[in-house]
Amino acid sequence: MSGGTSKLEATYTRALGAYPRRWRREQGEELIGVLLSVARSEQRTTATPAELFNLVGNGLATRGLELLGSVGRKRRNGLAFTATVLATYLAVTLTLLGEWGPWVRPGTLRWRPTGEGFSEELMAMGPFTTAAAAVYLALLAGFAATLAGRHSLRRTLYLSAAVAAPLIPLSGQVAGLLAPSLVPMLVLSALALLALVGNPAPTASRRMLLAAVTAGASLAGLALAVSRLTGGAALFFYDVSSGIAVDARTLTTAAAALMLTVGMVLVSGPRALPWTAGLAVAAVPLLIRLWSGNAAELLLAGLGLPLTAAAHWEWAFLVLALAVAALASGTRRLALVRRLRTV
């Protein structure tokens with residue numbers, strides 16, 4: 001048993017490598033002792049997959065929190081709130097438009113702009129098209145666990161989605177199975193991990209706010225995506241060569257850009273805040289284009305704006321970004337002057 005125990009201890013020690021060095025030095029020995037005690041009580045000489053999964057997942061999450069150590073709890077909760085909303089919105093949209101909708105049934109749509117079929121094989125996934133549906137359903141279940149206050153279940157579901165998301169397109173390439181491309185799944189994996197950097201809904205009022213914002217974002221995002229689909233184009237979201245206006249890549253890229261913009265503002269310190277706020281305003285045209293294409297130009301032209309002005313509406317946001325940066329910087333300096341005077 002001693003030989004088996006030493007091997008088991010070595011396994012736990014390797015798994016604990018996912019934790020930061022300082023954490024391992026302070027708490028690693030105690031945790032290994034607890035794990036060995038549990039294994040002895042269960043008469044085991046090997047680690048269970050669940051143990052290793054939890055050790056590595058929690059270790060990586062701890063590393064992420066250490067990197068965000070300079071960020072306050074409220075800001076981390078804001079990051080988690082944004083990531084939870086975006087991950088749930090993408091899960092809803094990609095499930096309906098890429099997996100479950102009647103327009104994505106094999107044999108009922110033109111998978112390529114030419115009307116030709118697809119070369120990949122399909123897995124037996126019941127009502128769904130690809131194995132990516134499991135990731136989307138895990139994210140939706142994680143959102144439900146968040147609203148229910150089930151933090152342990154929420155962590156497990158989001159970690160499972162984060163790990164499985166990039167594996168699905170990679171396994172699809174190896175086995176020749178139909179699957180989303182790697183970029184959208186990496187974005188979903190990153191959002192699932194960011195949802196764990198804080199508590200997006202620590203109170204009942206925050207849970208209500210999270211539910212309302214997520215429902216609004218999901219409905220609006222789904223309606224916007226459907227409005228950009230045309231009947232004569234291929235409607236398969238995972239085919240990046242289909243030439244449609246919106247697909248899994250454009251939606252996840254837009255979500256990633258919004259997450260980056262919000263995160264940049266939340267993570268930045270007081271000195272950098274004026275400039276990050278300005279960059280956030282300057283990023284608005286990119287976000288609008290990713291989600292709506294040329295809808296802004298058409299809307300402005302329909303309101304009577306000259307075509308030349310409607311075609312260059314982004315410049316107004318660059319001017320606004322400079323104004324926001326200057327105003328925020330001036331406000332910060334004024335606050336510092338008043339503070340010095342009071343001292």
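A residue counts as buried when its relative accessible area is under 20%, as exposed when that area is over 50%, and as partly exposed in between (1.4 Å probe, protein chains only). The model is a predicted one, in which local features need pLDDT of at least 70 and side-chain atom pairs count only at pLDDT 80 or more, while totals for chains, interfaces and linings use all residues. Residues are numbered from 1 along each chain as its sequence is written, and side-chain values use heavy atoms, with hydrogens and water left out.

Let us start with the overall build. The chain has 14 helices and zero strands, where helices (H or I, at least four residues) and strands (E, at least two) are DSSP runs numbered from the N terminus. Contact here means heavy atoms within 4.5 Å. Among contacts between residues at least 6 apart in sequence, 72% join residues at least 24 apart.

Axes are lines fitted to C-alpha atoms, for helices over the stretch in contact, and angles run from 0 to 180 degrees between N-to-C directions.

| Helix pair | Angle | Axis distance |
|---|---|---|
| α4 (residues 73-100) and α7 (residues 182-194) | about 140 degrees | 8 Å |
| α4 and α8 (residues 204-227) | about 40 degrees | 9 Å |

That angle makes α4 oblique to α8. α4 and α7 are oblique to each other as well. Angles under 35 degrees count as roughly parallel, over 145 as roughly antiparallel, 65 to 115 as roughly perpendicular and the rest as oblique.

A crossing is left-handed if the near helix is turned anticlockwise from the far one by less than a right angle, and right-handed if clockwise. α4 passes α7 in a left-handed crossing, whereas the crossing of α4 and α8 is right-handed.

The α8 side of the story involves, among others, Phe 81, Thr 84, Val 85 and Tyr 89 of α4, together with residues of α8 including Arg 206, Leu 210, Val 213 and Ala 217. The residues of this contact divide into 13 nonpolar, seven polar and one charged. For these classes, Ala, Val, Leu, Ile, Met, Phe, Trp, Tyr, Cys and Pro count as nonpolar, Asp, Glu, Lys and Arg as charged, and the others, Gly among them, as polar.

On the α7 side, Leu 79, Ala 80, Ala 83, Leu 86, Ala 87, Leu 90 and Leu 94 of α4 meet Leu 188, Leu 191 and Leu 194 of α7. The residues of that contact comprise ten nonpolar, no polar and no charged.

Pro 200 sits in the loop between α7 and α8. With a relative accessibility of 0%, Pro 200 is buried. Its neighbours, leaving aside residues up to four places away in sequence, include Asn 77, Ala 80, Phe 81 and Thr 84, as well as Arg 206 and Leu 210. Pro 200 also lies 6.6 Å from Gly 78, C-alpha to C-alpha, although the two are 122 residues apart in sequence.

Finally, the charged pairs. The structure holds two salt bridges, each a side-chain nitrogen of Lys or Arg within 4 Å of a carboxyl oxygen of Asp or Glu. Glu 42 pairs with Arg 44, the closest N and O atoms being 2.7 Å apart. Glu 42 is partly exposed, at 47% relative accessibility, while Arg 44 is buried at 15%. Glu 51 also bridges to Arg 44, with the closest N and O atoms 3.1 Å apart. Through shared partners, Glu 42, Arg 44 and Glu 51 join into one network.
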